[in-house]
There are 2 protein chains.
Amino acid sequence: MTKHNSKPNILVVNDDGITATGIKNLMEVMQEIGNVVVVAPDSPQSGMGHAITIGKPIRFDKIDLYPGVEMYKCSGTPVDCVKLGVNKIFKGKKPDLCVSGINHGLNDSINVLYSGTMSAAVEGAIEKIPSIGFSLDDFAADADFSHTKKYIKEICLQVLENGLPAGTLLNVNFPKGDKLRGVKICRQANAKWMEEFEERVDPYKRPYYWLTGVFENFDKGEDTDVWALEHHYVSVVPVQFDLTAHHAIQTLNGWNFDHQADSGLKGKNTISAPDGINLG
Amino acid sequence: MTKHNSKPNILVVNDDGITATGIKNLMEVMQEIGNVVVVAPDSPQSGMGHAITIGKPIRFDKIDLYPGVEMYKCSGTPVDCVKLGVNKIFKGKKPDLCVSGINHGLNDSINVLYSGTMSAAVEGAIEKIPSIGFSLDDFAADADFSHTKKYIKEICLQVLENGLPAGTLLNVNFPKGDKLRGVKICRQANAKWMEEFEERVDPYKRPYYWLTGVFENFDKGEDTDVWALEHHYVSVVPVQFDLTAHHAIQTLNGWNFDHQADSGLKGKNTISAPDGINLG
């Protein structure tokens, strides 16, 4: 990536794969803002979460999919795409913005954890790049993203102008359809999937399972992403990758790990013994 | 899983695969505490993060690997193992404890995101099961886990006795070797991997890449997991799966998404328009 002008350099990634309609739409918006490099999986990688490829090598090749766009396909995960983009294309000179999506399907609430789209944006944030994941409530391969574009442009311009608080990124989700009521800053709803594994039998009489499930929201709050989306808002959740439950530290410090007579553990946690003394 | 006695029911999972030494050691400790069911990947799944299997079916079969132990192998990810265990074995009656590991290799700091071991424990916590991930600073297949066992037992007994604060789980990491100074409750260190992709060329003259890197700690705090491990403590970090950066919400509410003359967005974010009015 060579910066040709004063425009921002933008890394575009996704998890639905490089040929998805969603990333084409996102790329088009980014072309109005800056210099675009696309690095995306060569096949769909939905539900890959924060997976990285460590047990096998990764293919990474330049392709000409859309005229005039610098694009690379990658055999790895969405997070691999960010790592490769930063390391091999930008070569350590970080892009000014990393955007992921537009995902075909919502990544609200607990889905932030399962989503390759969001994990790619998290990886961008770990690299200290202002990062945003975008998702639409429509799984269709030919989903209509047109109503999302001006919001995406505005949110990206705001992030480029204001930056983001340290250690955070944005999770932006769009309702389907164009009757949007505006942008709402939200928290992640307390919701989860109620799984059901559908059992089938293969031609050789052996069982196999499909993961299916129903999304259930336990959260009555009107400040959540689930609430916002149900009420036709664009939901914007600031996300962090420090997973420490800071509020629980005090509770745990009140525990005594010297329960067992035979444990060899001395006193309360965090009390230290002199160096070299073997408490094991 | 049928509960045969008043002992707790314990789900044991990992990401290194069902034949790993680490899960055997964890299983042995858990047999001292309760009724054990093991559900683990049929192949190594390190670095799988919170990935789930949605694009293909999952194999899930009972096996007899160790005498008298109820064990299942799964073709899916560590998170799939938890979902299958809860849904197919415990059948909705949640286990009393979910333990993951013992991982061959540390999962301190930012590794909590990449780790299949930790993501499996996170999934247990999402299911409202008290959950703990255990990892040792030793990648060797024949790593010596003996010094970890009494700590693991004690931590599990404490969790069974006290429960864990809602929405949290524990990330427990062990230094290598037996000169341990006790347990220290920590926060996740601000550290990351400095990636280097090693490029090679295959016999057909095409390039491929191996992900390698160096772990770099930017955090000078003495309350972090990295610090604790370097100083021969067992590090215990309470982890949460609400990724909302709550502190950033106020900042974002100060932004004005009505920047562009042509945006169609009216006023500040969160201001609503009457239902049915199309702002798109």
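The expected span of a helix is 1.5 Å times one less than its number of residues. The structure shown is a predicted model.

**View 1. Helix H2 of chain B, residues 78-89.** This helix has twelve residues and reaches 15 Å from its first C-alpha to its last. That is close to the 16 Å expected at 1.5 Å a residue. Just after H2(B), Lys91(B) takes a positive phi of about 50 degrees.

View 2. Among the buried residues are Pro78(B), Val79(B), Cys81(B), Val82(B), Leu84(B) and Ile89(B). Asp80(B) and Lys83(B) are buried as well.

**View 3. The contact between chain B and chain A.** Chain B gives 105 residues to the contact and chain A gives 107 residues. The two chains bury about 9,700 Å² between them, with 60% of it on carbon and sulfur atoms. In chain B, Phe197(B), Leu243(B) and Trp255(B) lose the most area to chain A. Together these three account for 8% of what that side buries.

**View 4. A salt bridge between Asp61(A) and Arg206(B).** The side chains of these residues meet at 3.9 Å, N to O. The count between chain B and chain A is eight salt bridges. There are also 30 residue pairs in polar contact between the chains, both residues at pLDDT 80 or more.

**View 5. The side of chain B that touches chain A.** Helix H5 of chain B, residues 149-162, supplies the largest share of this side, ten residues. The residues of this side divide into 50 nonpolar, 30 polar and 25 charged.

Methods: Residues are numbered from 1 along each chain as its sequence is written. Chains are lettered from A and ligands numbered from 1 in the order in which they are written. This is a predicted model: local features need pLDDT of at least 70, side-chain atom pairs count only at pLDDT 80 or more; totals for chains, interfaces and linings use all residues. Side-chain values use heavy atoms; hydrogens and water are left out. Helices (H or I, at least four residues) and strands (E, at least two) are DSSP runs, numbered from the N terminus. Buried means under 20% relative accessible area, exposed over 50%, partly exposed in between (1.4 Å probe, protein chains only). Contact means heavy atoms within 4.5 Å. Buried area is the accessible area (1.4 Å probe) that two parts lose on being put together, summed over both. A salt bridge is a side-chain nitrogen of Lys or Arg within 4 Å of a carboxyl oxygen of Asp or Glu. A polar contact is a pair of N or O atoms within 3.5 Å; within protein, one must be able to donate a hydrogen and the other to accept it, and residues adjacent in sequence count only if both atoms are side-chain atoms. Ala, Val, Leu, Ile, Met, Phe, Trp, Tyr, Cys and Pro count as nonpolar, Asp, Glu, Lys and Arg as charged, and the others, Gly among them, as polar.
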